[in-house]
Amino acid sequence: MTKKQERFRFTDTEMEIVKGTDLPDLLTHLGYQVRRVGSYYTTREMDSLRIKERRTWRRYSNQTGGDAITFLQEFCGKDFREAVSYLLEFNGHRARASPVPHQPSPAKKERPAFALPSAAPDQRHVFAYLRKRGIAPQVIQSFIQAGLLYEDADHHNCVFVGRDGGGQPVFASKRGTYDRNGPGFKGDVTGSNKDIAFRLPCDPGLDHVAVFEAPIDLMSFCTLHRQMRSNAVALCGLYRGPLDNYLRENPHLKQIVLCLDADGPGQEAAEKFLDEYTQEGYAVSIQIPAQGKDWNEYLLRRGSEERRRKNGER
């Protein structure tokens, strides 16, 4: 069933109510820390997010945007029908001819409870998908054994698990393993602590930390540098909160290596972080892949070139 067909399940009045959802209120309800900056709103967790006129959003770090429906689809893993139903409930099922402004709630709502998705009995889809992305089987297996990666039972997504300093899971990012018709599904599990995101344990004998945008880029770097088994953070975006927490928990760290994407948003963030963390006393460097826009693309290109050389191709 297409999104257009699904839409016919809802009345025009219901769709008007949903499209009139107050985004700052919705994000506060979902556990984000919303703040106003001039004429727009943003969040502490995603400082590249811009909410304008309280009804539309755009995230410049990955060039996505839309309304409340697309926000729930992008960041909460809901399909179109689930998103509309959720927003109708959030708005109190008001059935009026036109939307009315949603009044801020008198009390701040708590962050939704976090729970990991149910695990599949095996990791076949995850293993096949990551091998297709060029990740070495030893690296995949090491992440699975460390409790940082598994396959969910319902949709066979990759689930990247973020654990706090005590080893407890507090964050999870899902990545679809089906991407034949374009980029696969991705989104954080509801209630995830975005100040932890995804990371490897810290070795007290090492004084540096490598920083990536996405878990797959971190795994790609581990494939390229097999000696790397610790001291790395994937921000799952361009919000610096996960790195700040990692540094607070490991005060012996003195060096930061920014391995963010080589595209515009990634390098803008890298330059910004370089200035900010240098002022805080860290030795900061920027490392970008020799080819491609990110570390996974570089890994795939390098693998393709090696295969051509082995086959005697130019």
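Q: Which residues lie in the turn of the hairpin formed by strand 6 and strand 7, and what marks His-156 there?
A: Strands here are DSSP runs of E with at least two residues, and helices are runs of H or I with at least four residues, both numbered from the N terminus. Two strands pair if DSSP finds at least two bridges between them. In this predicted model, local features need pLDDT of at least 70, side-chain atom pairs count only at pLDDT 80 or more, and totals for chains, interfaces and linings use all residues. Residues are numbered from 1 along each chain as its sequence is written, and side-chain values use heavy atoms, with hydrogens and water left out. The hairpin of strand 6 and strand 7 has 6 residues between the strands, and His-156 in the turn has a positive phi of about 60°. Strand 6 (residues 149–151) and strand 7 run antiparallel and are joined by 3 bridges. Leu-149 stands opposite Phe-160 in strand 7.

Q: How many bridges join strand 7 to strand 8?
A: There are 6 bridges between strand 7 and strand 8 (residues 169–175), and the two run antiparallel. One partner pair is Gly-162 with Phe-171 in strand 8. These strands also form a hairpin, with 5 residues between them, and Gly-167 in its turn has a positive phi of about 85°.

Q: Is strand 7 mostly covered or mostly uncovered?
A: Buried means under 20% relative accessible area, exposed over 50%, and partly exposed in between (1.4 Å probe, protein chains only). Strand 7 (residues 158–163) is mostly covered, with 5 of its 6 residues buried.

Q: What is the strand order in the open sheet of 5 strands?
A: The order is 10-12-11-13-14, and the pairing is mixed. Strand 10 (198–199) and strand 14 (283–286) are the edge strands, each pairing on one side only.

Q: Which strands does strand 11 pair with in the parallel sense?
A: Strand 11 (residues 208–212) runs parallel to strand 13 (residues 255–258), with 4 bridges joining them.

Q: Where does Arg-308 lie, and is Arg-308 buried or partly exposed?
A: Arg-308 belongs to helix 11 (residues 295–310). Its relative accessible area is 31%, so Arg-308 is partly exposed.
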